[in-house]
Amino acid sequence: MEEADETLMRRVARGDQEACRALVERHLGRIVAFAARTLGNATDAEDVAQEVFLRLWTNARRWEPRARLGTWLHRIALNLCLDRIARRREAPLDAAPEPVDPTPSVVTLLERAALGQRVNAELAALPPQQRIAIVLCHYQGLRNIEAAEVMDVSIEALESLLARGRRTLRARLRAEAEGAA
Amino acid sequence: MTPTRLHAILDAYGADPARWPAVERDAALALLARSPEARRHHDAAARLDAALDASAIDVPSPALAARVLRATPRARVRRVERWVAVVAPLAAAAALFLWIGRSPAPAPLTADAIAALGTFSTPTDTLLFSTGSDLVDLPGCSEGDLGCIDLGSGWTDESTRRDDGRMRV
């Protein structure tokens, strides 16, 4: 039976390397994926994930299981991602993601991999809060109450962000969505 | 569960009931089963879900996991211990080397310095004898019930033995 995160955290606080390894195997990939979709950049995502786990090790002795560890990790990752997004806004425009050409005739010819790339680009083009809500609920599989907690918003606000984000994506990806079904 | 609420759920969470709010899931499924309009809405949400699922993210590199594990508290302590084990002896050796290098060299023993020491005409034995010091117990001689061990004249000069069983050296 898989050991609970809370048990592993108690072992981590005692310096148990095997517990650290178990938590890395369980959560690192998910945190990297969350940061990658939120930031649209794999290198930045790995930097964020590394920082998240450094904070986990540093705070292991003080950590209390008020929330699920996965939720806490997403919260830390989100704060780090938002810092980077804020810094990008201060950066020159040429550092921003490339705008996506929405021409349906081209899009319908794309294979699934290309569709994935386009979805990633469209996600990156969404307002950050809408993108984060979709990433947390659709890709990370967090329950609505957990996603709302990570984002520090109400469930109603979360649903509004999700609906607006998905509506925008549907409009931009209409042809791809019909082709992938 | 109203059709409006079901549409709102589909718009927000998509077509997979696993993503729907747990408390509304059963009612939403029941409405979906009996409403053709809700199923059309559900199908549209499923198409968007399928497009979103085309997005793939690379698996994190093994190097990242290694970096993360190198930062665990115990791993950091081990690295410090290894560093101290290597550096501490080197530092001690360097400190000793510097201390020796900074110590003043002894002045050369010149002929004048030797002359300044003068000449000692009195034997050292005589100097010690005159002070009456440097008395040591003879083994066993102060213990009346154990008797006195005869060490023989070859061991010490009998003239140095005193009545109290002590001996001058």
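The contact between the two chains draws 39 residues from chain A and 29 residues from chain B, in a model that is predicted. On the side of chain B that touches chain A, the elements giving two or more residues are helix H1 (3–13), helix H3 (36–53), helix H4 (62–70) and helix H5 (73–102) of chain B. Of these, H3(B) supplies the largest share, 6 residues. By class, this side of chain B comprises 20 nonpolar, 3 polar and 6 charged residues.

One helix pair across the contact may be followed in detail. Two packed helices are described by the angle between their axes and the distance between the axes. For helix H2 (residues 17–39) of chain A and H4(B), the packing angle is about 140° and the axes lie 10 Å apart. H2(A) is therefore oblique to H4(B), since only angles over 145 degrees count as roughly antiparallel. The crossing in which H2(A) passes H4(B) is right-handed. From H2(A), the residues Cys20(A), Arg21(A), Val24(A) and Leu28(A) meet Ala65(B), Val68(B) and Leu69(B) of H4(B). By class, this contact of H2(A) with H4(B) has 6 nonpolar residues, 1 charged residue and no polar ones.

Within chain A, helix H1 (residues 5–13) has as its buried residues Asp5(A), Leu8(A), Met9(A) and Val12(A). Viewed down the axis of H1(A), these buried residues fall within an arc of 105°, so they line one face of the helix. Just after H1(A), Gly15(A) adopts a positive phi of about 85°.

Key:
Residues numbered from 1 in each chain as written. Chains lettered and ligands numbered in written order. Predicted model: local features only at pLDDT ≥ 70, side-chain atom pairs only at ≥ 80, totals over all residues. Contact = placed C-beta atoms within 7 Å. Helix = DSSP H or I, 4+ residues; strand = E, 2+ residues; numbered from the N terminus. Nonpolar A, V, L, I, M, F, W, Y, C, P; charged D, E, K, R; others polar. Axes fitted to C-alpha atoms, helices over the stretch in contact; angles between N-to-C directions. Parallel < 35°, antiparallel > 145°, perpendicular 65-115°, else oblique. Left-handed = near helix turned anticlockwise from the far one by under 90°. Buried ≥ 20, exposed ≤ 12 C-beta atoms within 10 Å, placed from the backbone. Arc of directions from axis to C-beta.
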